[in-house]
Amino acid sequence: MTNLFIEAQEKISFACEKLGIPKDASEVLKHPMREVQVKIPVKMDSGEVKLFTGYRVQHNNFRGPHKGGIRYHQQVNFDEVRALATWMSIKCAVVGLPLGGGKGGIVVNPKELSELELERLSRGFIRKIYDVIGPDKDVPAPDVNTNSKIMDWMVDEYSALVGRKELAVITGKSVGNGGSLGRDTATARGAQFCLHQYSSLKGMDLTQSSLAIEGFGNAGYNFAKLLSGEGVKVVAVSDSRGAVFNAEGLDVEDLMKWKQQTKSVKDYPKAQNIAMSELYSTDCDILALAALENSIHAENYGNVKAKVIVELANGPVTADADNAFFNKGVTVIPDILANAGGVTVSYFEWLQNKDNEYWSKEKVDEELSKVMKESYNKVVEVSEQHNVSLRLAAYILAVKRIYDAWKD
Ligand code: NAD
């Protein structure tokens with residue numbers, strides 16, 4: 001299995017070489033500044049105490065406080081969290097936010113916990129890390145299997161520990177508890193804005209295009225919904241339990257209703273089941289990856305027929321597959337750009353909390369659109385200047401910005 005943290009470090013080295021940044025400085029940019037591992041005792045409903053492992057990695061804060069989500073998953077491990085934290089530093093710099101990178105995770109399958117156990121675990125994690133986070137230090141947010149309800153418990157726990165209500169310590173909260181309008185759709189919206197830039201630069205008519213999408217959760221479902229709303233035909237969708245295909249197009253809302261009833265897109269009556277791996281080889285123009293890491297790699301990239309791949313997930317295309325796509329002329333809109341809408345609206349939420357303000361959904365969308373369009377165009381410009389993929393261009397842009405902010 002590819003070590004994504006090492007891959008991220010290699011790309012920082014590449015960017016440093018292109019920019020003439022000395023080796024000692026490159027070492028600093030490649031390594032997290034702080035790594036915390038904690039054990040969280042949780043009283044289960046049975047009365048038994050179970051010990052969970054949690055991580056918080058703070059990669060870099062030269063441009064501002066660390067920022068990054070908390071993931072609950074049985075496969076969370078230190079190197080995955082390190083990779084995710086590194087990508088956050090790069091991502092925030094690509095879209096020009098005054099923030100650094102961080103990430104957290106707990107090794108747990110949340111589907112096996114009751115709601116009260118999940119709450120005790122979330123509050124317990126904050127009790128273990130509260131001294132290393134804070135509105136001007138490190139600001140967590142949701143990631144895979146965490147949501148606004150969990151963020152609300154975490155803010156409540158942090159506020160109790162520091163003795164004051166501290167909304168700006170965590171983003172992705174519920175709207176009634178200081179969350180921002182538009183945060184739930186921000187990642188998908190950001191990716192949609194990137195795709196608009198791509199299609200206008202390449203002369204692609206989105207209304208004549210088809211889309212296959214891996215992952216039908218927050219990012220994937222909203223992306224499918226937004227694009228089908230503007231005339232894109234969604235032909236294939238997968239989730240962790242199965243995949244479905246319909247060459248005539250799927251009704252995204254109806255498919256979501258089916259998933260809510262049955263817990264999966266699998267067996268949806270108005271489509272045919274396909275193997276999950278078949279989704280990648282679907283005849284389509286756009287392939288969106290919105291599940292987890294390492295989906296497309298050296299062994300399966302050759303099956304992809306799409307002209308453009310949009311990485312809503314973090315790290316779904318490995319480095320060797322990415323190079324192969326670049327050589328074949330297939331555009332990969334990389335995670336550190338394509339899914340940056342999430343952290344951008346998290347930043348807007350943080351600003352609103354700090355200024356005691358509430359923005360309208362229209363204002364959030366308008367500001368997000370500006371950030372995404374400018375960032376996309378800048379990354380394309382750097383890629384043309386250096387004749388590299390959009391991913392490597394985004395690294396060059398971000399590493400330069402982080403290095404320029406270094407005041408040591
Ligand atoms: P989520 O938990 O809401 O959804 C994940 C989806 O992926 C689910 O539908 C799940 O069934 C599916 N899935 C899991 N394993 C799969 C597999 N092997 N094949 C197909 N589908 C599979 O999570 P999310 O918030 O939508 O995040 C998805 C990805 O996007 C993650 O990589 C996350 O880091 C990234 N991301 C999300 C946001 C955000 O704001 N939600 C922001 C930036 C990046």
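Biologist: What makes α3 count as mostly covered?

Modeller: Of the 17 residues of α3, 16 are buried. Buried means under 20% relative accessible area, exposed means over 50%, and partly exposed lies in between (1.4 Å probe, protein chains only). The helix itself is a DSSP run (H or I, at least four residues; a strand is a run of E, at least two), numbered from the N terminus. This is a predicted model, in which local features need pLDDT of at least 70 and side-chain atom pairs count only at pLDDT 80 or more, while totals for chains, interfaces and linings use all residues. Residues are numbered from 1 along each chain as its sequence is written, and side-chain values use heavy atoms, with hydrogens and water left out.

Biologist: How do you know what span α3 should have?

Modeller: The expected span is 1.5 Å times one less than the number of residues. For the 17 residues of α3 that gives 24 Å, and the end C-alpha atoms are 24 Å apart, so the two values agree.

Biologist: What makes N77 a cap of α3?

Modeller: A side-chain oxygen of N77 lies 3.1 Å from the backbone nitrogen of D79, at the N-terminal end of α3. A polar contact is a pair of N or O atoms within 3.5 Å; within protein, one must be able to donate a hydrogen and the other to accept it, and residues adjacent in sequence count only if both atoms are side-chain atoms. A polar atom of the N77 side chain also lies 2.9 Å from the backbone nitrogen of E80. N77 sits in the loop between β3 (66-73) and α3 (78-94). After α3 comes G96, with a positive phi near 75°.

Biologist: Why is N77 called partly exposed?

Modeller: Its relative accessibility is 35%, so N77 counts as partly exposed.

Biologist: Which class does N300 fall into, buried or exposed, and why?

Modeller: N300 has a relative accessible area of 11%, and is therefore buried. The residue belongs to the loop between β10 (286-289) and β11 (308-311), and its side chain reaches the backbone oxygen of S295 at 2.9 Å.

Biologist: Why is N387 called exposed?

Modeller: The relative accessibility of N387 is 60%, so it counts as exposed. N387 is placed in the loop between α12 (361-386) and α13 (390-404). Its phi is near 50°, a positive value in a residue other than glycine.

Biologist: What is the phi of N145?

Modeller: Phi of N145 is near 65°, which is positive although the residue is not glycine. N145 lies in the loop between β5 (138-142) and α5 (148-162), and with 33% relative accessibility it counts as partly exposed.

Biologist: How do you know that α11 is mostly covered?

Modeller: Twelve of its 15 residues are buried; among them are V343, Y347, F348 and W350. As for length, the 15 residues of α11 (residues 341-355) should span 21 Å, and the end C-alpha atoms are 21 Å apart, which agrees.

Biologist: Which residues are closest to the ligand?

Modeller: The closest are T187, N218, A219, A291 and N314, out of 23 residues that surround the ligand. A residue counts as near if one of its heavy atoms lies within 4 Å. Two elements, α7 (218-229) and β7 (233-239), each supply at least two residues of the shell.

Biologist: Why is the ligand said to lie between domain 1 and domain 2?

Modeller: Domain 1 (4-15 + 29-177) and domain 2 (186-338) both give residues to the shell, so the ligand lies between them. The domain bounds come from an automatic or database domain assignment.
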